[in-house]
Amino acid sequence: MALARPMALHPARWRALAAAGLAALILASTLDHVSSRYRLVYDGQVTRCLEVWLFLVDLHDREIARGGFVAFRPPATIAEHYGRPVAFLKRIVGLPGDRVTVGQVQTTVNGREVGKGLALATRLEVDAQDLVRSFIVPESAVFLMGDTADSYDGRYWGALPASEIIGEARWLL
């Protein structure tokens with residue numbers, strides 16, 4: 001019985017297979033890069049503290065700039081209430097060296113109003129007067145706030161170490 005000879009491929013077919021393999025490799029590499037660099041973050045809160053509900057978080061961009069949105073790991077005292085790892089999204093309103101003043105009626109950074117006072121104090125069962133304070137944002141830290149008066153943010157837990165920032169958040173929807 002004669003052995004079957006391998007079928008020879010036509011050069012055009014080799015080129016097509018090589019091109020398909022290269023395209024698959026490029027696609028796999030691109031998907032790997034995108035999935036290791038970016039995350040989609042959905043704000044599933046019923047009461048939103050940001051006007052936008054879908055963000056693209058760039059895990060490689062941890063630039064700290066006033067007014068920028070960032071995703072971050074919340075302080076441990078807050079994270080423990082969620083029972084699972086969570087990421088928060090807030091706006092950077094205070095940088096190292098800035099004077100933050102949290103009052104019952106308004107919150108200021110360097111004397112400029114950046115938000116309202118302590119609307120959540122009652123719901124958190126905390127006397128708002130206990131949260132009234134003024135402090136300087138330490139080196140390697142930021143002061144973060146949501147865009148609404150009832151955002152649970154730095155007004156309640158202070159400055160956040162910049163090392164807890166996961167990445168820059170960009171509005172999608």
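Modeller: Glu-168 and Arg-170 form a salt bridge in which the closest N and O atoms are 3.0 Å apart, the term meaning a side-chain nitrogen of Lys or Arg within 4 Å of a carboxyl oxygen of Asp or Glu. This is a predicted model, in which local features need pLDDT of at least 70 and side-chain atom pairs count only at pLDDT 80 or more, while totals for chains, interfaces and linings use all residues. Residues are numbered from 1 along each chain as its sequence is written, and side-chain values use heavy atoms, with hydrogens and water left out.

Glu-168 and Arg-170 also belong, together with Asp-58, to a network of salt bridges. Glu-168 is partly exposed because its relative accessibility is 23%, and Arg-170 is likewise partly exposed, at 33%; buried means under 20% relative accessible area, exposed over 50%, and partly exposed in between, with a 1.4 Å probe and protein chains only. In all, the count comes to seven salt bridges.

Another of them joins Asp-153 to Arg-155, with the closest N and O atoms 2.8 Å apart. Here Asp-153 counts as buried because its relative accessible area is 0%, and Arg-155 is buried too, at 0%.

Glu-113 is partly exposed at 37% relative accessibility, as is Lys-116 at 47%. Within S7, Glu-113 is the bridge partner of Thr-108, and S6 and S7 pair in the antiparallel sense over four bridges; strands are DSSP runs of E with at least two residues, numbered from the N terminus, and two of them pair if DSSP finds at least two bridges between them. S6 and S7 form a hairpin with two residues between them, and in that turn Asn-110 has a positive phi of about 55°.

S5 (residues 99-102) and S6 (residues 106-109) are joined over three antiparallel bridges, with Val-102 opposite Thr-107, and they form a hairpin with three residues between them. S5 and S8 pair over four bridges, again antiparallel, and there Thr-101 stands opposite Ser-134.

S7 also gives the most, four residues, to the lining of the second largest pocket. A pocket is an open set of points on a 1 Å grid over the protein atoms alone, where a 1.4 Å probe fits, with protein on both sides within 12 Å along at least five of seven lines, and lining residues have an atom within 4 Å of a point. The space in this pocket is about 160 Å³, the volume being that filled by probe spheres set on the points, which are joined across faces, edges and corners. Of its 15 lining residues, Arg-91, Val-93, Val-114, Gly-115 and Met-145 lie nearest the centre, and strands S4 (88-94) and S7 (112-116) are the elements that give two or more residues. The lining divides into five nonpolar, four polar and six charged residues, with Ala, Val, Leu, Ile, Met, Phe, Trp, Tyr, Cys and Pro counted as nonpolar, Asp, Glu, Lys and Arg as charged, and the others, Gly among them, as polar.
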